[in-house]
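Please open the model in your viewer and keep the selection panel at hand.

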Amino acid sequence: MSYAHTITVALPYQEAVRRTREALQGQGFGVLSEIDVRSTLEAKLGEESGQALGDYLILGVCNPALAQRALTAEPDMGLLLPCNVVIRRGNDANATVIQTIDPQTMVQLSDAPAVALVAGEADDRLRAALKELQTA
């Protein structure tokens, strides 16, 4: 099973980051955490390491209503939250790869029926955000 939904958009990186944030917000997701992987690698391993990777951002996103339902059904689900969204450099300057975790991954780790319902709704919302990005 694939654990990610992946699209490539014909947008420069910074524009893709902006539009991704907007699309996620439109689906009820807020950004709880943000990791600039390139900057982290440059700071810890040197500039060459960060440049080799290129632009790479991990957003930890959460839909509070869905998170509350998942955590109520199974408190251990906090280990899998927030949902990660990756925005990274594509093959050229005007292509950016956007990936979201497939929330169905949670279903494989839980027997709680409520978790399956939450994962389904989260999946629908994340896919809708990606679809919006593809059509923009």
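**Cavities and sheet**

The lining of the second largest cavity comprises eight nonpolar, two polar and no charged residues, where Ala, Val, Leu, Ile, Met, Phe, Trp, Tyr, Cys and Pro count as nonpolar, Asp, Glu, Lys and Arg as charged, and the others, Gly among them, as polar. This is a predicted model, in which local features need pLDDT of at least 70, side-chain atom pairs count only at pLDDT 80 or more, and totals for chains, interfaces and linings use all residues. Residues are numbered from 1 along each chain as its sequence is written, and side-chain values use heavy atoms, without hydrogens and water.

Select Thr20, Ala23, Leu24, Val85, Ile98, Thr100, Leu126, Ala129, Leu130 and Leu133 to display that lining; a cavity is a set of points on a 1 Å grid over the protein atoms alone where a 1.4 Å probe fits but cannot get out, and lining residues have an atom within 4 Å of a point. α6 gives the most to this lining, with four residues.

Next, colour the strands (DSSP runs of E, at least two residues, whereas helices are runs of H or I, at least four): five of them form an open antiparallel sheet in the order β1-β5-β4-β3-β2, with pairing defined by at least two DSSP bridges. The edge strands are β1 (4-9) and β2 (30-36). Six bridges join β1 to β5 (residues 96-101), and histidine 5 stands opposite threonine 100 in β5.

Finally, select residues 113-135, helix α6, which lies across β1 and β5.

Notes. Contact means heavy atoms within 4.5 Å. Axes are lines fitted to C-alpha atoms, for helices over the stretch in contact, and angles run from 0 to 180 degrees between N-to-C directions. On a 1 Å grid over the protein atoms alone, a cavity is a set of points where a 1.4 Å probe fits but cannot get out, and a pocket is an open set with protein on both sides within 12 Å along at least five of seven lines; lining residues have an atom within 4 Å of a point.
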